[in-house]
Amino acid sequence: MTKRLKTICSCLLVVAAAAGCAAPKPLPFQLVDSESRVQKGMLFPGRQLIEAMVDGQLYKGFYIFASGEAYSETFGGWRSFPRDTQTTYSSNSARAQLVSDKGQRLSCEFLFESRRAIGECRSPSGAVYQLIADGN
């Protein structure tokens, strides 16, 4: 590769990185308990991290989206051999596991779309919180 072509390629990579690689903004959410008390939290979509402050205790963790792969065989016309097809799918259904510094846990399930999320979190002791985020 010539020096000029390398310089052009390097410039294009820098421009592409600057234009399209900005990390998604954090998304604040609320956890609402059965007595309508509101706790605050934050989703970090770029790294799929989550944290929440519940009754003065900071919980941190991660979340993952449901995904999988499907395989199938299709048959074409007469005298053809089967063709394998692989499909990778993902959904907007997420699960999260958060842990406090004291070892307390929260388990969350929610749906995530654009800058919105809705679902619930549960503690092992039975406390249930509605997770609500509306970043639009």
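This is a predicted model: local features need pLDDT of at least 70, side-chain atom pairs count only at pLDDT 80 or more; totals for chains, interfaces and linings use all residues.

**Notes on the model**

1. Residues are numbered from 1 along each chain as its sequence is written, and side-chain values use heavy atoms, with hydrogens and water left out. The protein exposes about 9,800 Å², of which carbon and sulfur atoms supply 56%; the areas come from the Shrake-Rupley method with a 1.4 Å probe, and for residues only the protein chains shown count as cover.

2. The protein has one helix and eight strands, taken as DSSP runs numbered from the N terminus (helices H or I, at least four residues; strands E, at least two). Along the sequence these elements follow the pattern α-β-β-β-β-β-β-β-β. Of the contacts (heavy atoms within 4.5 Å) with a separation of 6 or more, 32% are between residues 24 or more positions apart.

3. The eight strands close into a barrel in the order 1-2-3-4-5-6-7-8, with antiparallel pairing; two strands count as paired if DSSP finds at least two bridges between them. From one strand to the next the twist averages 25 degrees, where axes are lines fitted to C-alpha atoms (for helices over the stretch in contact) and angles run from 0 to 180 degrees between N-to-C directions.

4. On the side of strand 2 (residues 38–44), strand 1 pairs in the antiparallel sense over six bridges, with L31 standing opposite Q39. These two strands form a hairpin with five residues between them, and S36 in the turn has a positive phi of about 65 degrees.

5. Which residues touch the most other members of the largest nonpolar core? Such a core is a set of buried Ala, Val, Leu, Ile, Met, Phe, Trp, Tyr and Cys residues joined through side-chain atoms within 4.5 Å, and here, among 21 residues, they are F29, L31, L43, I50, L98, F110 and L131. The elements that give two or more residues to this core are strand 1 (27–32), strand 3 (49–54), strand 4 (57–74), strand 5 (83–100), strand 6 (105–113), strand 7 (116–122) and strand 8 (128–134). Strand 6 supplies the largest share, four residues. Leaving aside neighbours within four places in sequence, L31 is in contact with R37, V38, Q39, A52, V54, C121, Y129, Q130 and L131.

6. Strand 7 deserves a separate look. In a regular strand the side chains alternate between the two faces of the sheet. In strand 7 the covered face holds A117, G119 and C121, while R116, I118, E120 and R122 lie on the uncovered one. Strand 6 and strand 7 pair in the antiparallel sense over seven bridges, with L111 opposite I118, and their hairpin has two residues between the strands, S114 in the turn having a positive phi of about 55 degrees. Seven bridges also join strand 7 to strand 8, again antiparallel; across this pairing E120 stands opposite Q130 and C121 opposite Y129. The hairpin of strand 7 and strand 8 has five residues between the strands, and G126 there takes a positive phi near 105 degrees.

7. The model contains one disulfide, defined as a pair of cysteine sulfur atoms within 2.5 Å. C108 and C121 form it, with their sulfur atoms 2.0 Å apart, and the link is right-handed, with 110 degrees about the S-S bond. The pair links distant parts of the chain, C108 in strand 6 and C121 in strand 7, 13 residues apart. Both C108 and C121 are buried.

8. A last point concerns Q57, which is placed in strand 4. Is Q57 buried or exposed? Q57 is buried, because its relative accessible area is 12%. Not counting residues up to four places away in sequence, Q57 touches A52, S100, D101, K102 and Q104.

Note on methods: Buried means under 20% relative accessible area, exposed over 50%, partly exposed in between (1.4 Å probe, protein chains only).
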